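Me: I have a structure to go through before the group meeting. Can you walk me through it?

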Amino acid sequence: MRILLAEDEQTISDHVRNHLEHDGYRVTVCQDGREAWETGGTEDFDAIVLDLGLPSLDGLTLLRLWRSEGVHTPVLVLTARGSWMERVDGFDSGADDYLPKPFRIEELKARLRALLRRTRPASVETFRVAGNRLLIRPDVREVVLDGETLSLTPSEYRAILCLAEAGSRPVNSWEIAERALDRNDDKAKNAAEVLINRLRRKLGDGILVNRRGYGYLLSGD
Ligand code: CA
């Protein structure tokens, strides 16, 4: 899932980007208003996190421009001043949610997930494995095991999604290397196996199964 993060304060943008990337989002950072406007208007994002105080073009103007140009990407607005007027302005300009600074990263992530849940088409499939013990929700990039959200690295997430999409078809190490690690060099197969072993430990027994000679699959039983 792709996120555009328009934030000019380096410490905040680094902090937010690190956390979102750790959760498996792909993050593009713009520290300048005009650059953010062009990027948000020309590339496809699932959501935008927008700081209102940006150099060269302020966030509210930029948001109005996007909306008038038909850019309907959901926007979570950040601002240093949590004033009521700004909140109203933000919603009037087309913001979908609003978070005053300073914020806790957990709240930003929760709001972003809620925003994506609200705005993504409900038709995005949730994969259910092992009698609903394991849920893989591509709409919010969430993997839940026995009711607990798993903390997965981006490559672990891509690997589990690749297995979920394959269903009962075993996926071999090469395919996992390509899909999850974007690798097809000599050592890609080994790297995929290391990744799979790590994922198996996180999933516990019996969920990620090795069909010798064919590959890996998520077991339905
Ligand atoms: Ca700012």
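Me: What kind of model is it, and what got counted?
Reply: It is a predicted model: local features need pLDDT of at least 70, side-chain atom pairs count only at pLDDT 80 or more, and totals for chains, interfaces and linings use all residues. Residues are numbered from 1 along each chain as its sequence is written, and side-chain values use heavy atoms, with hydrogens and water left out.

Me: How many helices and strands does the protein chain have?
Reply: Eight helices and eleven strands. Helices (H or I, at least four residues) and strands (E, at least two) are DSSP runs, numbered from the N terminus. The C-alpha atoms fill a box of roughly 60 × 35 × 30 Å along the principal axes.

Me: And how much of the chain is buried?
Reply: Of its 221 residues, 46% count as buried. Buried means under 20% relative accessible area, exposed over 50%, and partly exposed in between, with a 1.4 Å probe and protein chains only.

Me: Which residues have the most contacts inside the largest nonpolar core?
Reply: Leu134, Ile136, Ile160, Ile176, Leu203 and Leu218, in a core of 31 residues. A nonpolar core is a set of buried Ala, Val, Leu, Ile, Met, Phe, Trp, Tyr and Cys residues joined through side-chain atoms within 4.5 Å. The largest share of this core, eight residues, comes from helix 6.

Me: What does Leu203 touch?
Reply: Not counting residues up to four places away in sequence, Leu203 touches Leu134, Leu145, Leu150, Ile160, Leu208 and Leu218. Contact means heavy atoms within 4.5 Å. There is also a second, separate core of 20 residues, which includes Ile3, Val27, Phe103 and Ile105.

Me: Now helix 2. Which residues are buried there?
Reply: In helix 2 (residues 33-42), they are Gly33, Ala36, Thr39 and Gly40. Seen down the axis of helix 2, these buried residues fall within an arc of 130 degrees, so they line one face. The arc is that of the directions from the helix axis to the C-beta atoms. On the other side, Glu38 and Thr42 are exposed.

Me: What do the buried ones in helix 2 pack against?
Reply: Strand 1 (2-6), strand 2 and helix 3.

Me: And helix 3, which residues are buried?
Reply: Gly59, Leu60, Leu62, Leu63 and Trp66, in residues 59-68. Just after helix 3, Gly70 takes a positive phi of about 85 degrees.

Me: Last one: where does Asp23 lie?
Reply: Asp23 is in the loop between helix 1 (10-22) and strand 2 (26-30). At 23% relative accessibility, Asp23 counts as partly exposed. Leaving aside neighbours within four places in sequence, Asp23 is in contact with Lys109 and Arg141.
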